[in-house]
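Hi,

Here is the structure I promised you. Have a look at it first, then read my notes below.

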Amino acid sequence: MTASSTELTFLHTGNPTGLKFLVEHGDARCLFDFGREHAPGRALFSFGLEPRPGREVSDLIAVGAAPVLRGVYAGDAWDGRTHVFISHMHLDHTGLIPFLGPDVPLYYPAAMEPVRAAADSSGYLAWRRPPGSMVGDGETIAVGPIRVRFVAVDHDVPGSTGFLIETPEATLVFTGDHRWHGLHRELTEAFAATAKGADLLIQEGVSLGYVPVEGAPPQLSEAEAIAELGRTVAEAPGLVVVNCYGMNRERLAGLAAGCAAAGRRLLMEPQMAAIAGWPGVLGSIDAVRNNPRGYCLQLGFESLPLLIDLQPPAGSLWIQSSGAPMGSFDPSYPVLEAWVARFGLELRTVTSSGHSRSDDIARMVSTVHPKVVLPVHSRAPEALVVPDVPSFLPEAGVTYRVADLLAQRT
């Protein structure tokens, strides 16, 4: 049975990650984002546990890590209705793409392509074949009576977008992951202006309810984080190790510039170097061990045992800069602390969130001023309170008529 009016279903509300939702009207169905929740120690497939070969989709569905969707996964005939739209490349928005059926129409931002292709070719995320359609900023895709317009936002990965979704009944806006404190604030500002007056706003709210704990590192803008990395690599007397995420190519470029100015050579692990588009690949560590002051290494959590061979000298640093584990909430963080302490490195955090701060989330809502806002992708959606804009907290698995949501506003 197909929808005769515009319907909205959240397959996962993203608490705080893994958001994905459906917009349907008549025979048309649009699925926005198709990722896996990042919840180490809480997700059933974490700490190295993976779905069984040949049974990936059924295993993921069985534990709630993937939604039940007929006619979407590989092995099923396409249902002829569902079209998939990706907002950006992060795994909590793309992690299920390898299991998408080859005939399902798939659309993603054209500016995302370099990172997508690098993640695919490096084995980081084996993308669906065929890869889908690249869509330029400002372009619109028509799916029956639904029109989906791509409008860029600033995030910590290239090619991030929000969506303006027009149906015969209403205009829905999805912010995607975005921020106002990045290097391209103008993109987020322009998105807010373009979305102004929408009927319904689906608002990303990762930072809602955030209360800094004592001793927490300061909240930096992206420019401030890059500058601090530059100062750190220049001043450190020993080896500098940076645990960063290659998809943030702008931060990596800033780090590389700081290393060059400090007389250090930046070397990255092969897969992360490929994702970052960086030519300096870590091979033998002999040169690094002999001249630690001349290098900066990108290492991930899994490479901590390399410290045994590196034997970093006094004055060496391990910098967390958006690489996993991403905070003390992660059960693997104490393991990181133990390794760093064992080998005498100073542990620092120098990073900038890819997500808008609470005040900027309210700024987005106030600027768009929708009839109703739905805070999602958040641990504390109830914390979003904006005068004159009613909030509605959706539940996963419930199908809502958009007309009913708009009629309930107070």
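Helix α4 passes helix α11 in a right-handed crossing, meaning that the near helix is turned clockwise from the far one by less than a right angle. Helices here (H or I, at least four residues) and strands (E, at least two) are DSSP runs, numbered from the N terminus. By the way, this is a predicted model, where local features need pLDDT of at least 70, side-chain atom pairs count only at pLDDT 80 or more, and totals for chains, interfaces and linings use all residues. Residues are numbered from 1 along each chain as its sequence is written, and side-chain values use heavy atoms, with hydrogens and water left out.

Back to the helices: the axes of α4 (185-195) and α11 (358-368) come within 7 Å and cross at roughly 35°. Axes are lines fitted to C-alpha atoms, for helices over the stretch in contact, and angles run from 0 to 180 degrees between N-to-C directions.

Five strands, in the order β13-β14-β12-β15-β16, form an open sheet with parallel pairing; two strands pair if DSSP finds at least two bridges between them. β13 (265-268) and β16 (346-349) are at the edges with a single partner strand each, so one side of each has no neighbour in the sheet. β13 pairs with β14 (295-298) over four bridges, and L266 sits opposite C296 in β14.

Helices lie across this sheet too: α6 runs at about 140° to β13, and α10 (333-342) at about 140° to β16.

Cheers

Definitions and conventions. Contact means heavy atoms within 4.5 Å.
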